[in-house]
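Dear colleague,

Please find below the structure that I am handing over to you, followed by a summary of what was found in it.

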Amino acid sequence: MSKRPTIAEVKQRLLEETSIDNKWLEDLYHDERKGVQVALKQYEKRQQEQARIHQHILQLRQKEKILHQEGYQLIAGVDEVGRGPLAGPVVAGAMILPADMPEAYFNDSKQLSHAKRQSLVADIEKYAISYAVAGQSAQIIDQVNILEATKQAMTLALKRLTSTPDYVLIDAVHLDSISHLPQESIIKGDATVYSIAAASIYAKEKRDELMAQYAEQYPGYGFEHNAGYGTKEHLEGLKKYGPCPIHRCSFAPVKAYL
């Protein structure tokens with residue numbers, strides 16, 4: 001008769017192994033120890049969450065799947081971050097993901113932690129066919145308005161891709177600058193389309209890194225915490241120091257301190 005595993009051994013195996021033997025699992029359900037039953041409930045909860053994430057990833061990938069079936073091979077997703085802040089550039093991300101890319105849970109970047117976004121950026125840089133970011137400065141935003149600056153950043157990000165896409169999926173914006181390419185504007189694309197969600201995550205991480213660098217150059221506004229958005233700390237800094245060179249002077253809260 002084989003020795004019964006300890007509760008710690010059961011927990012470790014349920015946590016670490018990706019494929020659990022059905023007979024071993026069935027034996028656990030007949031194990032009267034409370035610690036084993038608690039570990040099983042935690043295991044079931046993790047399995048249910050993984051199944052939910054898998055289904056959501058399949059939904060996010062549906063648009064690209066249809067386009068691949070129609071014969072498109074290099075499908076680029078494009079999104080921007082930083083339209084709302086009072087300071088810093090607007091930054092666009094563009095990327096082409098392979099159809100057979102291992103599952104990574106790209107979702108609306110605003111719903112993810114910094115650590116999770118960093119992990120997903122590593123997946124992008126490992127698996128993507130091509131990826132790029134581009135930004136337009138506060139000065140350009142003031143000159144041409146935030147929407148036009150956003151479009152310029154998106155166009156530049158697409159031009160920086162090492163592979164030319166044959167179809168472009170864009171979050172909420174139509175780009176006249178790439179009229180030679182088939183494109184589709186998708187409202188809330190960062191929450192519904194896989195490659196757009198990935199582009200949003202990549203752009204946000206790169207913009208946050210840039211704003212942390214600006215925080216060292218222009219202290220007192222909390223850019224490392226707020227990424228240029230109009231938080232209490234930022235507004236207090238504006239009141240105390242006035243606008244710095246990366247502030248958007250055409251935005252109303254900044255105008256008051258010019």
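**Findings**

The largest nonpolar core has 19 residues, of which Met95, Leu97, Phe106, Ile124 and Tyr194 touch the most other members. A nonpolar core here is a set of buried Ala, Val, Leu, Ile, Met, Phe, Trp, Tyr and Cys residues joined through side-chain atoms within 4.5 Å; buried means under 20% relative accessible area, exposed over 50%, and partly exposed in between (1.4 Å probe, protein chains only). At least two residues of this core come from each of helix H3 (34–60), helix H5 (114–127) and helix H9 (194–217), and H9 gives the most, with six. Helices (H or I, at least four residues) and strands (E, at least two) are DSSP runs, numbered from the N terminus. Apart from this core lies another, of 18 residues, including Ala157, Leu158, Val168 and Ile178.

Please note that this is a predicted model, in which local features need pLDDT of at least 70 and side-chain atom pairs count only at pLDDT 80 or more, while totals for chains, interfaces and linings use all residues. Residues are numbered from 1 along each chain as its sequence is written, and side-chain values use heavy atoms, with hydrogens and water left out.

Beyond its neighbours within four places in sequence, Met95 is in contact (heavy atoms within 4.5 Å) with several residues, among them Ile75, Ile124, Tyr131, Leu161 and Tyr202.

Strands S2 (residues 90–96) and S3 run antiparallel and are joined by seven bridges; two strands pair if DSSP finds at least two bridges between them. Gly93 stands opposite Val133 in S3. On S3 (residues 130–136), Ser130, Ala132, Ala134 and Gln136 form the covered face, and Tyr131, Val133 and Gly135 the uncovered one.

Salt bridges (a side-chain nitrogen of Lys or Arg within 4 Å of a carboxyl oxygen of Asp or Glu) number eleven. One of them joins the side chains of Glu184 and Lys63 at 2.9 Å, N to O. Glu184 lies in strand S5 (residues 183–186) and Lys63 in helix H4 (residues 62–69), so this pair ties together parts that are 121 residues apart in sequence.

Arg117 forms a salt bridge with Glu205, with the closest N and O atoms 2.8 Å apart. This pair links helix H5, which holds Arg117, to helix H9, which holds Glu205, 88 residues apart. Arg117 counts as buried at 6% relative accessibility, and Glu205 counts as buried at 1%.

Yours sincerely
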